[in-house]
Amino acid sequence: MNKQFLTMLFSLLVVVSAPLMAKGQPFEDKFRQLDELLPTPTVYRTASGAPGHQYWQQQADYKIKAQLDDKTQRLTASETITYYNNSPDKLTYLWLQLDQNRFMRNSQAKLTRTTGVKHTNPKVGYGSMRNMVQTDLHQGGFDITAVTDGRGKKLHYVINETMMRVDLPKALKSGKKTTLKISWNYQIREQKVLGGRAGYEYFKEDDNYLYEVAQWFPRMAAYYDVYGWQNKQFLGNGEFTLEFGDYDVEITVPSDHIVASTGELNNPKSVLTSTQRKRLKQARKSDKPVLIVTQAEATEKEQHKSNKTKTWHFKTKNVRDFAWASSRKFIWDAQGYKKGDTDTIAMSYYPKEGNPLWERYSTEAIVHTIEQYNKYSLQYPYPVAISVNGPVGGMEYPMISFNGPRPKKDKKTGELTYSSRTKYGLIGVIIHEVGHNYYPMIVNSDERQWTWMDEGLNTFVQFLAEQAWEEKYPSRRGPARNITDYMKSSYQVPIMTNSESILQFGNNAYGKPATALNILRETIMGRELFDFAFKEYAERWKFKRPTPADFFRTLEDASAVDLDWFIRGWFYTTDHVDISLDQVRKLHIGSQDPETEKAWDRQQHEAKPLDISEMRNKGMARRVEAKPELLDFYNEHDKFTVTNSDRNKYNKAQKKLEDWEVELLKNGSNLYVVDFSNKGGLVMPIILQVTYQDGTEEVIRMSAQIWRKNTEKVSKMLITDKEISSIVLDPYWETADVDVNNNYWPARVVESRLELFKMKKKSLMQKYNEKLKTDDDDKDDKAPEKQDDAA
């Protein structure tokens, strides 16, 4: 026998499968291909996951003029849209998104909003109640005052909630373009009261406003090969599906305001001082943030409000949206970043209430995001990258993001301080929102249909970037162990669920897909294969509109790894991972020598505990003891006695064996059969950490294909020349197994802690006589509505 065989630690010798399924149940092939779930490839989208040779997408260019009224918080604007029909279809009407109409008094979003007030002991926070009251009072939505063609001729239009259909007098043929002119105005919302992805914040102490402006203009709905017009109503969760285009935007604001915006400033000499322009030039070559507007300068402007106005002019090409922010309170810092194909400037805008946190971390976090995302996705192509502190907790737009965390004022000292949670909350939300430039601002997925395609992918790369910020960064999403509570919950739907129908939004659209991708990278595919395939997806679909099928197919196409089983389980079901290590059986190869084997049989028999009756009958009088003549051959010999017949049979059998078969019978290796059961439904790799009697350890990894013939129970034989003392399944908690307590052999003791407390009860008289006190800390000052993006 080859000595190498005797000394190797493990051999993938055999997988012993139990009967395929429980009796009466059909076999479920969890490794079948996704053919019935994925759409048929076309000339627009190939079977490899790449854009087809006839791929097309529409284009919409915008020229917009807007004026902000700082006294009434109202925006008035007009736009000229040039729409290019690059589709092969003839269009008789166009659809535009009117997202502000979500906030109309009679909107579906308002009327279908439910309450979480319980039947017993009903409670609601002050902020939430304020939101419900003010939402009913607020008259939001667009006031459309004109819709015409390029020559000023009125066009017929119909507004249906958050969508507006414009009927064309003549069908727009393939390859042609048309022009729309639209005028409108709307009341900007107080975001801290009414919530939403944009709005203003009022600072009572200095009587100033800070505006974050988004979804502020009628935008072309997307028209594409998969769904035609994406005109599904905006109810609040499913975000935006938009076309790329060029923007030329003029924004008129009070003259002492600073404006942060998508695009490049086209008239710096008209709106910036010479000192500010000089500082900005210095910042482009600096390796640390440079203040363009200092805190002292911003504070000075807070006290003296200008009645004059200035118009800021921004231009940009090939973006899918446009947002901006404006305030006289803004401190402004900037730092250039140039590496590879990226040449940009990172900029932060924040009120003094954001310091000392923002001046230290915001711009650094922007630069860090671009560095890390460039590694795993694509080269950042835009000339600016902006982070703004205001009322919105976290929201993304091309080149600009709104991020909410800021310090709190200490009530005793009056100083602004921040907690660890606030610090990492700020760094994390900036990474996340700036990262959205890649997904979906460049890799332009359909957010209205599939939230996970941008939020999940972005949260995954966010995790990679956070880990590169510092060791042991407290990432919320990404590690497999962080998603297990959600995975085993019953209140959930598959990831492949439309955005407006998702339950547990953050876990479903952010956490679970990010975890799935991290498991693919670390456990299923490996970093090299995954990183190449993931980057290939970003490169293939930059400035294009991918679908889930394009993503799934690209991962397989670029890696040669069959992932259909993983995609089906993680994205199309709510199954969870719970693989149990049920039993370990130790075997040895029978030598067939009766002298050896019957001695072993006797040893096993004698090792069994005595029967309780036999044990208690010890010493009792026996008949054969009184009459020894009753004893015969069978009292001296038993079934373990080796007979001549046994020896003859053995010798005869040995002569028929080949040399290698004889050698195999002498193999003294330890054989262990380990039994596993799949209790959660998801098939996953089996990862074992084996510890030997001599204290050494070994990790063996078996791919998920071990379950392909039986998805409920499998057994694995391990062959080693050492004796095993313990086995741990999923030792690094990398598969999202929801119950690790059934992962140990021998079974481990589950430790916990029992907390003791004293019962305190007060009588009605004690409560009546208790001193009345007010504690402002107990007031519910929380934001009325959950922020719309991940912090």
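This is a predicted model: local features need pLDDT of at least 70, side-chain atom pairs count only at pLDDT 80 or more; totals for chains, interfaces and linings use all residues.
Trainee: Let's start with Asp70; is Asp70 buried or exposed?
Mentor: Asp70 lies in the loop between strand S2 (59-69) and strand S3 (74-84); helices (H or I, at least four residues) and strands (E, at least two) are DSSP runs, numbered from the N terminus. Buried means under 20% relative accessible area, exposed over 50%, and partly exposed in between (1.4 Å probe, protein chains only). With a relative accessibility of 15%, Asp70 is therefore buried.

Trainee: Which side chain is joined to that of Asp70 by a polar contact of 2.5 Å?
Mentor: A polar contact is a pair of N or O atoms within 3.5 Å; within protein, one must be able to donate a hydrogen and the other to accept it, and residues adjacent in sequence count only if both atoms are side-chain atoms. The side chain of Asp70 has a polar contact of 3.2 Å with that of Arg328. The contact of 2.5 Å is with the side chain of Tyr211.

Trainee: How many salt bridges are found in the whole structure?
Mentor: Side chains of opposite charge can pair when their charged atoms come close. A salt bridge is a side-chain nitrogen of Lys or Arg within 4 Å of a carboxyl oxygen of Asp or Glu. A search of the whole structure gives the number of salt bridges as 40.

Trainee: How many residues apart are Asp225 and Arg45?
Mentor: These two residues form a salt bridge, with their closest N and O atoms 2.8 Å apart. Asp225 is in the loop between strand S12 (223-224) and strand S13 (228-229), while Arg45 is in the loop between strand S1 (15-17) and S2. Arg45 is buried because its relative accessibility is 7%.

Trainee: Which residue forms a salt bridge with Glu201?
Mentor: The closest N and O atoms of Glu201 and its partner Arg406 are 2.8 Å apart. Glu201 lies in strand S9 (residues 199-203) and Arg406 in the loop between strand S24 (400-403) and strand S25 (408-409), so the pair ties together parts 205 residues apart in sequence. Both Glu201 and Arg406 are buried. The partner of Glu201 is Arg406.

Trainee: In S24, which residue is the bridge partner of Gly394?
Mentor: Two strands pair if DSSP finds at least two bridges between them. Strand S23 (residues 394-397) and S24 run antiparallel, joined by 4 bridges, and they form a hairpin with 2 residues between them. Both faces of S24 are covered, with Ile400 and Phe402 buried on one side and Ser401 and Asn403 buried on the other. The bridge partner of Gly394 is Asn403.

Trainee: How many of the 10 residues of helix H14 (residues 548-557) are buried?
Mentor: Among the buried residues are Phe551, Phe552 and Leu555. What covers the buried residues includes helix H10 (452-467), helix H12 (505-524), helix H13 (527-541) and helix H15 (564-572). H14 is largely enclosed by the rest of the structure, because the number of its 10 residues that are buried is 8.

Trainee: Which strand supplies the largest share of the lining of the second largest pocket?
Mentor: On a 1 Å grid over the protein atoms alone, a pocket is an open set of points where a 1.4 Å probe fits, with protein on both sides within 12 Å along at least five of seven lines; lining residues have an atom within 4 Å of a point. About 370 Å³ of space lies in the second largest pocket, where a volume is the space filled by probe spheres set on the points, and grid points are joined across faces, edges and corners. Strand S7 (163-172) and strand S8 (177-187) each supply at least two lining residues. The largest share, 5 residues, comes from S7.

Conventions
Residues are numbered from 1 along each chain as its sequence is written. Side-chain values use heavy atoms; hydrogens and water are left out. Contact means heavy atoms within 4.5 Å.
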